[in-house]
Amino acid sequence: MKKIVLTTVALSMLLVGCNTAKTAHVSGDDLAVTNPIETALDLTKVVNDKVPVTINPGRFTTETVTYRLPRVVQGTYSVSDFGKYVDDFKAIDYNGNVLPSTKVDTNTWTITNASQLDKIEYYVNDTFDIESVGGIGGEQPFSPAGTNIEETNYVLNLHGFIGYFDSLKNAQYKLDVIAPSAFLRTSALQETGSTLSDDGQTITSTYFAPRYFDITDNPMFYGELDVEEFQVGDIKIVLSVYSPNKKYTASQLKAVMHKMMEAQKTYMGDINSTPRYDIYLYLSDGGETSPKGFGALEHHTSTVVVMPESMPEAALYESMIDVVSHEFFHIVTPLSVHSEDVHYFDYHSPSFSKHLWMYEGVTEYFATLFQVDQGLVTEADFYDKIMGKIQAAAAMDDTMSFTVMSENVLDEPYAGQYYNVYQKGALIGMSLDILLREESSGNRGILSLMKELSLKYGQNKPFEDDSLFDEITAMTYPSIGAFLNTHVAGTTPIDYNALFAKVGLEVVESKVKTNYIQNNGVFIFKPDMAKGTIAFSEAVKNNSFWTENGVLPGDVIKTIDGEEVTLATAQSVLSKAFVWQPGTDVDVRLDRNGKEVVVKTTLTQSYTTGEGLKEMPNATQAQKDLRQAWLKG
């Protein structure tokens, strides 16, 4: 096969030398509109931390074409501008000369004399190296949507490397990735073949994508990986882990992920929309060029997760359960249920669906509910999570229309409310679940509704955005439509107390679990901008752990486990304290009016006072039965 390719290139060069280049390309078999776009990433020729990319679209018949990298990618709801990571962009003609091209904006190039275009070449910088805040606020792509280029690891979110032509939006793609043969590689993108170099040092893996969406929807990991596979029903799970200091392995996480995903599959029942699901976990070592935005980005059949490598084992497991379960539930929505805005996504000037309450909110609710349904957490733990979401949502704009926010999520004041999709969005899912249970005497819930929508639509049939509420109402009950129009499209806050009363629960003042940097979501520190220090605030009096260890308001935090705490380091150091678990040994040094105070001890569970969700002492049997149907399906 290699010899055939070289022979074809040699013949082409001969024809060019005889001034018959145009004649060599007049046949229809190499037209851009009829052939896959041939793309290549060469990981063996990285220069100054940049990967060379080649794009060969075939022959154009127009004189001007437009090539773009995504401004926005699905699932992020923020501007990423992947074009700004491209250097040395060149359009090359069939004679090897550079064609005129113009960079129209951050992500867009136009090429003139395009009928002579042979290929495009450029270099791509990775995003991890330049992160300052992990994409929070839109300064850089959110880390799990980003890219990494280093000797031992390549995070290939392909939307960061490969773009699309405006005139070829439905084109197929052929992708070659050239990499050292010693590298492990994982991707759910269809691999059609591989070729080992003559010296055995490199392997070219060839992949096929039916359309550009599949390029963006199938990330890859290359490098010194640890990989485990396991089966969950009919779904093969592939877990790929990169731990730069080898602190964690895929085998360590396999049992936790297997148990969790088995429980998810049991909860979902007959929803089987993918034969394979990939989990890519990148553990950040906290270095200057390491990613700083922790969390995950869903794809239809995979997720990329970024977490701190320094996390204690129990905290990492808990975070992986919460994060990966959320992403895995996306195979329900938007994989099986989504609108036209999702199905025909515009990576440059996207329009957004009104229904983030469903895509992210209901997904987050499933990730919370299934754990109590399947016995992974206690009912008390589930109630604490629900109350945490109510308190977090209360800090947002509770009178903002959720559908209006969703449609305008890139713009202020709506962009600043996006976090609420994981708070109030989940609570909307909970509210619908309870209302559906009540209307159906416990027989129907939000999961059964999503299954019905999946049967009606599915992966390849989008719904009309403006019609969804009417369709849900027709499939369920008038009260469901009234709720959606009043509390989701409308601006009326949800009365959670009334909903809880239906299932025999009430909100009462009580002792509640908290962590070591917050009381019920409120930070217990205050910065001194003039002095550049972080001190405990009055709120520390209501945090049992610190109070029991003699900490007072005004105590300045000097070091935590040997790391200096300043305004510059606070985010990094306190994020580690956020995931502390009882039983962990800690060493905290404080300054109290010039005197050092040492808190060197083993963590115990910390408590504060706040609102908790408790069973009504006089709940009726009907309320108890409805609660059982809600929590245990």
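Let me begin with Thr 186, which is buried, because its relative accessible area is 6% and the cut-off for that word is under 20%. Please keep in mind throughout that this is a predicted model.

As for where that residue sits, Thr 186 belongs to strand 13, which covers residues 184-187. If we set aside residues up to four places away in sequence, Thr 186 touches Pro 219, Met 220, Phe 221, Leu 225, Val 227, Val 238, Ser 240, Asp 278 and Tyr 280. With Ser 240, the side chain of Thr 186 also makes a polar contact, at 2.9 Å. For Pro 219, the separation from Thr 186 is 33 residues along the sequence, while in space the two C-alpha atoms are 8.7 Å apart.

Now to the helices, where two numbers are needed, since a packed pair is described by the angle between the axes and the distance between them. Helix 8, residues 379-394, packs against helix 10, residues 424-439, at an angle of about 125°, and their axes are 9 Å apart. That angle is why helix 8 is called oblique to helix 10, and the crossing of the two is left-handed.

Which residues make the contact? From helix 8 they are Ile 386, Lys 389, Ile 390 and Ala 393, and from helix 10 they are Lys 424, Ala 426, Leu 427 and Met 430.

Conventions:
Residues are numbered from 1 along each chain as its sequence is written. This is a predicted model: local features need pLDDT of at least 70, side-chain atom pairs count only at pLDDT 80 or more; totals for chains, interfaces and linings use all residues. Side-chain values use heavy atoms; hydrogens and water are left out. Axes are lines fitted to C-alpha atoms, for helices over the stretch in contact, and angles run from 0 to 180 degrees between N-to-C directions. Helices (H or I, at least four residues) and strands (E, at least two) are DSSP runs, numbered from the N terminus. Angles under 35 degrees count as roughly parallel, over 145 as roughly antiparallel, 65 to 115 as roughly perpendicular and the rest as oblique. A crossing is left-handed if the near helix is turned anticlockwise from the far one by less than a right angle, and right-handed if clockwise. Contact means heavy atoms within 4.5 Å. Buried means under 20% relative accessible area, exposed over 50%, partly exposed in between (1.4 Å probe, protein chains only). A polar contact is a pair of N or O atoms within 3.5 Å; within protein, one must be able to donate a hydrogen and the other to accept it, and residues adjacent in sequence count only if both atoms are side-chain atoms.
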